[in-house]
Number of protein chains: 4
Amino acid sequence: MLVVMNANATEGEVAGVVRVIESLGLRAHVMPGANRTAIGITGNKGVISLQHFENLPGVAEAIRVTKPYKLITLDLKQERTIVDVGGAKIGNSSLAMIAGPCAIENRKQAFAVAEVVKGVGAKFFRGGAFKPRTSPYAFAGLGEDALKILVEIRERFGLKIVSEALDEPGVDLVEKYADMIQVGARNMQNYTLLRRVGRSKLPVLLKRGMAATLEEWLLAAEYVMAEGNYQVVLCERGVRTFAQHTRNTLDLAAVPAVRRISHLPIIIDASHGTGKNYMVTPLARAGVAVGADGLMIEVHCKPEEALSDGAQALTLDEFEQMAREVRAIHDVIS
Amino acid sequence: MLVVMNANATEGEVAGVVRVIESLGLRAHVMPGANRTAIGITGNKGVISLQHFENLPGVAEAIRVTKPYKLITLDLKQERTIVDVGGAKIGNSSLAMIAGPCAIENRKQAFAVAEVVKGVGAKFFRGGAFKPRTSPYAFAGLGEDALKILVEIRERFGLKIVSEALDEPGVDLVEKYADMIQVGARNMQNYTLLRRVGRSKLPVLLKRGMAATLEEWLLAAEYVMAEGNYQVVLCERGVRTFAQHTRNTLDLAAVPAVRRISHLPIIIDASHGTGKNYMVTPLARAGVAVGADGLMIEVHCKPEEALSDGAQALTLDEFEQMAREVRAIHDVIS
Amino acid sequence: MLVVMNANATEGEVAGVVRVIESLGLRAHVMPGANRTAIGITGNKGVISLQHFENLPGVAEAIRVTKPYKLITLDLKQERTIVDVGGAKIGNSSLAMIAGPCAIENRKQAFAVAEVVKGVGAKFFRGGAFKPRTSPYAFAGLGEDALKILVEIRERFGLKIVSEALDEPGVDLVEKYADMIQVGARNMQNYTLLRRVGRSKLPVLLKRGMAATLEEWLLAAEYVMAEGNYQVVLCERGVRTFAQHTRNTLDLAAVPAVRRISHLPIIIDASHGTGKNYMVTPLARAGVAVGADGLMIEVHCKPEEALSDGAQALTLDEFEQMAREVRAIHDVIS
Amino acid sequence: MLVVMNANATEGEVAGVVRVIESLGLRAHVMPGANRTAIGITGNKGVISLQHFENLPGVAEAIRVTKPYKLITLDLKQERTIVDVGGAKIGNSSLAMIAGPCAIENRKQAFAVAEVVKGVGAKFFRGGAFKPRTSPYAFAGLGEDALKILVEIRERFGLKIVSEALDEPGVDLVEKYADMIQVGARNMQNYTLLRRVGRSKLPVLLKRGMAATLEEWLLAAEYVMAEGNYQVVLCERGVRTFAQHTRNTLDLAAVPAVRRISHLPIIIDASHGTGKNYMVTPLARAGVAVGADGLMIEVHCKPEEALSDGAQALTLDEFEQMAREVRAIHDVIS
């Protein structure tokens, strides 16, 4: 159910509707928009009567939701969501660039990369502290030590920190040190984790699962929002197909498809989306051209020595060149 | 690294090798076999010298492992693993039948199904207490209440209980009440969960991820074993493809493929593997014919009223008929 | 449109309906069944009025077809089609075994294989004269010379000959020498070829395309039948997925899925469906268990010297063993 | 085998090498480049001795080819191929725009679309005369009548005509009327058709098959070139995956992947590659940004009345807008 307030409804009237919702044992999700406020309702087991709301002061209409989504949809909120990451924005007219190494390996590596990331005008630094690895014997990240290095990078360069959490204790740590919590592809349907980040104060970067349909991905975002965290950025990072010339097949049509349904921002991970260094820049250009709100790019000072995913990392020089190219495209399409 | 003991090596000699391994800060995984004992070594960051082991008493040879796996392989253990689930076996010459409703909905439903499951001679009862659901608004299981009903079923019918855990608190509960912990397809790469069940005393049923390669799946099993739990049963449940006439495409070739590499048992989930009631019995027959160690089948007393996955559940009558058919096939191929 | 005749309609009444259909410039497809005859109508550009037919003598009812298929469906013909291949049957209660080398390489090889194929009681011999090869530089078959060898095999062993045609001149030759025309996976949507075999007197073995949906495959059969050739056997041979442990992923659920919609027989190609010798026998067993009408199996006297697809061919001994195993399963399920 | 001539080799020396090749019963493919001419050799059954060529006048070196390709590769020709379509070019620095309706339905529709296609500065007009349709009962094109309309369009607007052929008689007709022969996705492995267009004087537009790997696609181009037609343009049009929000998943990484291996131009079909009108423009922008040599776009004056594929056609207004957007991107990346 969705309650749409009148354009001139007062805060008091909104609060009144929320009180009624809560008195029914349900949860109210208030979504202010440019022209009107809408209130999504979750928590109902069965059908709620429209009559509870239609005659409340300030209510324009109450609408039954027939789609599987309630909170991610344009039905609830027509304006695109702008996500605030420690003061920097994702989803406004600028191009959000999130770059950095796959994993934080040491202070020196991280700083060398951060300097170049900052240099191209990017606002976000990524770096894995906890790495989900296919093999139990592979390097799995430096953990809290990596997060401490990331804090130094924020202090030194003013970059906002994006880092992945794999479980609830990991979320506790990422919350402590970083500005945005990444949920990786393998965990897109880890509902315990989704609910936990849904209760976080930090915004969430939600990667698409390796074989997730659009609906499954949006419902994963719905899990986060249903807990009250509306600061969600979607990230297309390629899906698994029969094709073998790339690590994953980057599905850029996800961008217009998401735009049709949801107010949430969407960015492109051109590094995992290709898995091959020489493809990252062309696909990053394509990601900007298709209309994404930003890019996630892996950069390494010495890709050939990277402890993880070196094959898909750009060198510092390549990254600077890519940044120039994507900026030029962003300028002409916006 | 893998240390193979002489056929007549004593327990003391095995213990001696284990002590050397642990003194190097590594972990020893002792795998007794019919003819010889082998010891897998994990925990090394780099290469270990073969010389540490080659001249120890009782050692036949030390072998460097070049494959990504160490513990799941036939290299380590040539005899097939027989998993003990509360006294009942999976992986021996009999056909393990794990059946029950998708979710435990209430005591009456569970008992009605269990009676028929017991009636056909099955030894294992499945029933979801914690259901991973694509939508945050769908029925997610009765939780601990469901587990308590499952305990009653074990007491009444002597069936061994298999139930899924989605996170660490869930594992605690499943451990308390059930006989085998299921890790679902969505969690196949939830490494925190895999490590937790790896530290459990209960055997683990590990479903294949929706788009998992054979290697990724076996490495997920390796995660469990690396923590010391060697009682792992693999479960093929279909993979995601372009095909739309089934919910998933059941990949029965996984059975001979796993047999080529691993000593672990493998069973077939013909319910999720098809998603359609009328396909379950033919595919269950095929699963037995291809050589699987068992079947997982969803049964419901009233599929049309099921709170989850009703479309793929067999009725009680259909289940009895299926059991007869698969038994006949198992008899001729074994 | 579909016209169903009364159970006791005379041949004259059927002929009368056909005349009316043809007088409208349309094509009549008469399908006699155990209890009634039905007549499918094709060739209409728009909607035909039911009234043309409803009151004709012998007509029980005229039914508008809303599905994309007209001729392959159970709506038109409830009894399963039994296809006659030079006197031997596919689709009756027996298990049709079509075996032989991928390509006919020489007389000696073909005879060595044929002797064993005959020996296990199979009735059909396959052997490629025209091989579609991914590379223009690979061995593409012996052409007409191969067909002449196949004729000798029919004369010597009484086996019915199944061979693939790639184009219209190829169909002319296969028609001249063989008993059944195979249309391969790559040509499943080669409509010119489908129409040509639809005008042949020989039955057609129609393989599923590498990424064909069920509907596309059945519509390919509809192409053949719309030209008047109703002797079509479907062959599932695996589809392309992300999985890398097999050449193709054998989709055995296609068997019950086809049975739900169509009266046409369906067989399993366990050789292309796996691409690996050691998987052929288990998947052949599974194909029989799932309920297929037959199997297609590649056999070679010396797989390691085969000019094409040696990796998936069974040796003569393996083939004999497989034949025993599948027969045992067929006996218990039929 | 590949023979590389000296930079200053004379035409006579090239002809001399060709004579030796032909005297061995082989075929010579002369590929002049900016700095040197190379000669590919096909037709050998086994290995050819390098010694036949190494000492011939003008020869720099003879190289054994270990890859599956001989003629499509950068090894043979380092300069990108520029394909000449009736005087207009594909593969040079300009963006080739091939636009028009899916099928030619009548003169009026075709002219209305052509006027707008011409208006945006495009040089190529597409329009189906022979349409491969999944159902035998669907509109399959006007055949030769459509081709005659296309000729009128060429005369009136100066647009070069691109049209699909499905079989050898179709190629005869397309050759008679059009400027470029399209081979569709369903026919990518129709080797009889590939060989036929390989013997044509017209350039060939070769679409990627629905589930074709990069290697299979390039080998299909190799089939065409092996017959002597080196004027081949590759066209990525999306591949079949599990994703359901698009008709096909457009694999833009194919562009850098092809560039790494081949000198052939590659364009993007954003219409089939998405199947949805509202996605065509964003994906066309992405296709240009990723570096494709051109675009293929379906345009219709009244998409809602189109006899085929209306859902993916742009309206005339949308097409003009798209053309402006992609030109702006092309300007900044080239």
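The following legends describe close-up views of a predicted model.

**View 1. The interface of chain C and chain D.** Chain C contributes 28 residues to this contact, and chain D contributes 28 residues. About 2400 Å² is buried between the two chains, and carbon and sulfur atoms account for 54% of that area. On the side of chain C, the residues that lose the most area to chain D are C:Thr134, C:Tyr137 and C:Arg240, which together make up 25% of what that side buries.

View 2. Two salt bridges are counted between chain C and chain D. The side chains of C:Arg240 and D:Glu216 meet in a salt bridge, with an N to O distance of 2.6 Å. C:Arg240 is also among the three residues of chain C that lose the most area to chain D. Side chains of opposite charge can pair when their charged atoms come close. Two helices of chain C, H6 (191–198) and H7 (214–226), each supply at least two residues of the side that touches chain D. H7(C) gives the most to that side, with five residues. Sorted by class, the side of chain C that touches chain D holds 13 nonpolar, eight polar and seven charged residues.

**View 3. The interface of chain A and chain D.** In this contact, 35 residues come from chain A and 35 residues from chain D. The area buried between chain A and chain D is about 2600 Å², and carbon and sulfur atoms give 76% of it. A:Phe242, A:His245 and A:Tyr278 supply 24% of the area that chain A buries against chain D, more than any other three residues. Helices H8 (254–261), H9 (277–290) and H10 (316–333) of chain A are the elements that give two or more residues to the side that touches chain D. The largest share of that side, eight residues, comes from H9(A). By class, the side of chain A that touches chain D has 24 nonpolar, six polar and five charged residues.

**View 4. The packing of helices H3 and H4 in chain C.** Two packed helices are described by the angle between their axes and the distance between the axes. Here the axes of H3(C), residues 107–119, and H4(C), residues 144–157, come within 10 Å and cross at roughly 35°. The crossing of these two helices is right-handed. From H3(C), the residues C:Arg107, C:Ala110, C:Phe111, C:Ala114, C:Glu115 and C:Lys118 meet C:Ile149, C:Glu152, C:Ile153, C:Arg156 and C:Phe157 of H4(C). The contact between H3(C) and H4(C) has six nonpolar, no polar and five charged residues.

**View 5. A salt bridge within chain D.** Over all chains, a search of the whole structure finds 72 salt bridges. D:Asp172 forms a salt bridge with D:Arg196, and their closest N and O atoms are 2.8 Å apart. D:Asp172 belongs to helix H5 (residues 168–177) of chain D and D:Arg196 to helix H6 (residues 191–198) of chain D, so the pair ties together parts that are 24 residues apart in sequence.

Technical notes
Residues numbered from 1 in each chain as written. Chains lettered and ligands numbered in written order. Predicted model: local features only at pLDDT ≥ 70, side-chain atom pairs only at ≥ 80, totals over all residues. Heavy atoms only, no water. Contact = heavy atoms within 4.5 Å. Buried area = accessible area lost by both parts, 1.4 Å probe. Salt bridge = Lys/Arg side-chain N within 4 Å of Asp/Glu carboxyl O. Helix = DSSP H or I, 4+ residues; strand = E, 2+ residues; numbered from the N terminus. Nonpolar A, V, L, I, M, F, W, Y, C, P; charged D, E, K, R; others polar. Axes fitted to C-alpha atoms, helices over the stretch in contact; angles between N-to-C directions. Left-handed = near helix turned anticlockwise from the far one by under 90°.
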